[in-house]
Amino acid sequence: MEIIGDRKFVEVPGGKTHELPPLLVKTVPSVKRLDKMMGIANEIIEQEDMVPHVAGDKLVDEDSMERRKLDLALNMVDQYLDLLSQWYWGDAVVEWIRQCEITFGARIELRNLLRSDLWPHAGRSSFVTLLEDKAVPTRGVPIPKAVGLRLAFRQLPPIRCCTDQFLFYLNNSVAETAYKTWINTTSNPIASLPPERFQFDVVNMSVAIH
């Protein structure tokens, strides 16, 4: 075991660098009809009465109302696309972790690193930490939050099923809670995987938005 600061790292037998499965990720959500999504966002705004006709003591004119609705719809769609991007990252990482577990199980020198009856041991969250230690480029997507979002939603609900409160306020806390709960399913202490002993490719599987 190696200790750096407050971090504990498992000891990987031997001195070679281990090749892990590639991380296959969509960095851009696949959306066919942005105009349809805007229409749904407008419906949500109308149904939830999110733009009041009266602002303070002043009656809002129709042109101002329409501009506010458009701005709010654009913001809602932007929030949802950001949510989609994070979910795709989380889905890719969860699948990658499964593939890494298979790889560890097939190699004698790695097999025992995930055994919880040994101390210290790596856990599934150690692979998330490994991605962060390897500085995998995510275009600003926080990997723990993305994984938490994927754990919370096996399939991300369409924008029509999302409330404005969820898109604007709640998705952060939902993702963080799911990720923390997932970590706690593995017994402590959980040690990190030494990043210099592992390598893998990150493959962008994105398709363009139409």
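Here are legends for a handful of close-up views of this predicted model.

Residues are numbered from 1 along each chain as its sequence is written, and side-chain values use heavy atoms, with hydrogens and water left out. Because the model is predicted, local features need pLDDT of at least 70 and side-chain atom pairs count only at pLDDT 80 or more, while totals for chains, interfaces and linings use all residues.

**View 1. Trp96 and Phe127 make an aromatic pair.** Two rings of Phe, Tyr or Trp (its six-membered ring) pair up if their centres lie within 6.5 Å; planes under 30 degrees apart are stacked, over 60 edge-to-face, and the rest tilted. By that rule, there are 8 aromatic pairs. In this one, the ring centres of Trp96 and Phe127 are 6.0 Å apart and the planes sit at 90 degrees, so call it edge-to-face. Trp96 belongs to helix α2 (residues 62-106) and Phe127 to helix α4 (residues 124-133), so the pair ties together parts that are 31 residues apart in sequence. Helices here are DSSP runs (H or I, at least four residues), as are strands (E, at least two), and both are numbered from the N terminus.

**View 2. Phe127 also pairs with Phe104.** Those two rings are 5.3 Å apart centre to centre, with 75 degrees between the planes, which is edge-to-face again. Phe104 is in helix α2 and Phe127 in helix α4, so this pair links parts 23 residues apart in sequence. Are these two residues buried or exposed? Phe104 is buried, at 0% relative accessibility, and Phe127 is buried at 0% as well. (Buried means under 20% relative accessible area, exposed over 50%, and partly exposed in between, using a 1.4 Å probe and protein chains only.) Zoom out a bit, and Trp96, Phe104, Phe127, Phe198 and Phe200 form one aromatic cluster.

**View 3. Helices α4 and α5 pack against each other.** Two packed helices are described by the angle between their axes and the distance between the axes. For α4 and helix α5 (residues 143-152), the angle is about 145 degrees and the axes are 10 Å apart. The axes are lines fitted to C-alpha atoms, for helices over the stretch in contact, and angles run from 0 to 180 degrees between N-to-C directions. Which residues meet here? Val128, Leu131 and Glu132 in α4 touch Ile143, Pro144 and Val147 in α5, where contact means heavy atoms within 4.5 Å.

**View 4. Helix α4 has several buried residues.** They are Ser125, Ser126, Phe127, Val128, Leu130 and Leu131. The cover over them includes β4 (23-25), α2, α5, α6 (164-183) and β7 (198-199).

**View 5. Cys161 has no disulfide partner.** A disulfide is a pair of cysteine sulfur atoms within 2.5 Å, and a search of the whole structure finds 0 of them. For Cys161, the nearest cysteine sulfur is that of Cys162, 6.8 Å away. Cys161 is exposed, with a relative accessible area of 58%, whereas Cys100 is buried at 0%.

**View 6. Met205 sits in the segment after β8 (202-204).** Met205 is partly exposed, with a relative accessible area of 44%. Met205 and Leu24 are 181 residues apart in sequence, yet 6.3 Å apart in space, C-alpha to C-alpha. Leaving aside its neighbours within four places in sequence, Met205 is in contact with Leu24, Val25 and Lys26.
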